[in-house]
Amino acid sequence: MDLAFAGGGLDRAADRRGSGDWQEGALVLPVWRGKLCLEGERLVRLPADHPALEDGLPSVLLGFDGEQAVAARDISAWLPPSLPETQMFFDPTEQVHPELPQARFVELRGVMSRLSPLEAELAATARALTGWHASHRFCAACGQPSEPRQSGWQRICPACSTAHFPRTDPVVIMLVVRGDRALIGRSPGWPEGMYSCLAGFIEPGETVEAAVRREVFEETRVRVGSVRYATSQPWPFPSSLMLGMVGEAESDEITLDPVELEDARWVSRDEMASVMAGTHAVLKAPRAGAIAGWLISQWVAGRL
């Protein structure tokens, strides 16, 4: 199972952000309320003067695809004829803009594994950056409105001159193993049958290893000993960096924290193989492209 959003090789062109010379001829990815616009299986790239972008916010530079500058623009002010239900775990609805009748706005998690590595990296960066601007319109130091700078990679407060930068929240996601078994769990409200690796945010002053041990113990009371790094994945929902870890359990008994988990269980390697193959009677594999699926599939294959 491949990792979405990883290894696209995007030229992020940090040295070009301080000027606007990239804007001439740039192509723009429209973003609507966190959804990306696709035509077929490709991201829609529009000229900056396209009518679908007229009511959008200022474009933010994502980087360069070869010699081509690629930006993103938030057009969330557009109101489609009917609005989707936004409280679902996964929003399956698609929106069609009248100026883009052949394209559709889709939930990125549903298509991330079908995009090329470069397009997936562009999509992740676009979603994370536009989401950051939408949620950080005011200065955290004095409360006044802030303004975008550095081609969208910074916000400046005109009132107190405080600079703000896009945030990335580190998260540990861990495959906890003990012999030939792995520990998986599910949160309340997840789709039926969906289980995954345990995960949690790293707290201030905490190491990655300590976060793994703390999160697993808080949620299941299982104690973890040695911890090792496996891989990482940008996760723009809204702005996380998933640090994929493997932890060796030192105890078996599970005591759930019902606020965090609805269920947790030990699953054998053979049983997990059937989960990943889609043949298990109860459990469902993690979504294609997600780091949890990568960790599990690597363990099933004996590569972790």
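Helices (H or I, at least four residues) and strands (E, at least two) are DSSP runs, numbered from the N terminus. Residues are numbered from 1 along each chain as its sequence is written, and side-chain values use heavy atoms, with hydrogens and water left out. The model is predicted: local features need pLDDT of at least 70 and side-chain atom pairs count only at pLDDT 80 or more, whereas totals for chains, interfaces and linings use all residues.

**View 1. The largest pocket and the elements that line it.**
Rolling a probe the size of a water molecule over the atoms shows where empty space is left. On a 1 Å grid over the protein atoms alone, a pocket is an open set of points with protein on both sides within 12 Å along at least five of seven lines, a cavity is a set of points where a 1.4 Å probe fits but cannot get out, and lining residues have an atom within 4 Å of a point. Grid points are joined across faces, edges and corners, and a volume is the space filled by probe spheres set on the points. The largest pocket holds about 850 Å³ of space. Its lining comprises 32 residues, and those nearest the centre are Ile 173, Trp 190, Ala 199, Trp 235 and Met 242. At least two lining residues come from each of strand S11 (169–178), S12, strand S13 (198–201), helix H3 (208–220), S14, S15 and H5. S13 makes the greatest contribution, with four residues. Sorted by class (Ala, Val, Leu, Ile, Met, Phe, Trp, Tyr, Cys and Pro nonpolar; Asp, Glu, Lys and Arg charged; the others, Gly among them, polar), the lining has 18 nonpolar, six polar and eight charged residues.

**View 2. The hairpin of S14 and S15.**
Strands count as paired if DSSP finds at least two bridges between them. Strand S14 (residues 224–235) and strand S15 (residues 240–249) are antiparallel and share nine bridges. Trp 235 has Ser 240 of S15 as its bridge partner, and Trp 235 is also among the residues nearest the centre of the largest pocket.

**View 3. Helix H4 and its buried face.**
Residues are called buried under 20% relative accessible area, exposed over 50% and partly exposed in between (1.4 Å probe, protein chains only). Helix H4 (residues 269–277) has Met 272, Ser 274 and Val 275 buried. Viewed down the axis of H4, these buried residues fall within an arc of 155°, so they line one face of the helix; the arc is that of the directions from the helix axis to the C-beta atoms. Asp 270 and Ala 277 are exposed on the face turned away from the buried side of H4. The cover over the buried residues includes strand S12 (181–186), strand S16 (263–268) and helix H5 (291–300), where contact means heavy atoms within 4.5 Å. Gly 278 follows H4 and has a positive phi, near 80°.

**View 4. The largest cavity.**
The count is one cavity of 30 Å³ or more. The volume of the largest cavity is about 40 Å³. Ile 184, Tyr 195, Ser 196, Met 272, Val 275, Leu 283, Lys 284, Pro 286 and Ile 296 line this cavity. By class, the lining has seven nonpolar residues, one polar residue and one charged residue. Two of the lining residues, Met 272 and Val 275, are also among the buried residues of H4.

**View 5. The open sheet S8-S9-S10.**
Strands of a sheet pair through backbone hydrogen bonds, either parallel or antiparallel. Here three strands lie in the order S8-S9-S10 with antiparallel pairing. Three bridges join S8 to strand S9 (residues 154–156) in the antiparallel sense, and Glu 147 has Ile 156 of S9 as its bridge partner.

**View 6. Positive phi at Phe 5 and at Arg 221.**
Phe 5, which is not a glycine, has a positive phi of about 70°. This residue is in the segment before strand S1 (27–32) and, at 4% relative accessibility, counts as buried. Arg 221, likewise a residue other than glycine, has a positive phi near 65°. The loop between H3 and S14 contains Arg 221, which is partly exposed at 43% relative accessibility.

**View 7. Pro 98 in the loop between S6 and S7.**
Pro 98 belongs to the loop that runs between strand S6 (68–74) and strand S7 (104–106). With a relative accessible area of 62%, Pro 98 is exposed. Pro 80 is 18 residues from Pro 98 in sequence, and the C-alpha to C-alpha separation of the two is 8.8 Å.
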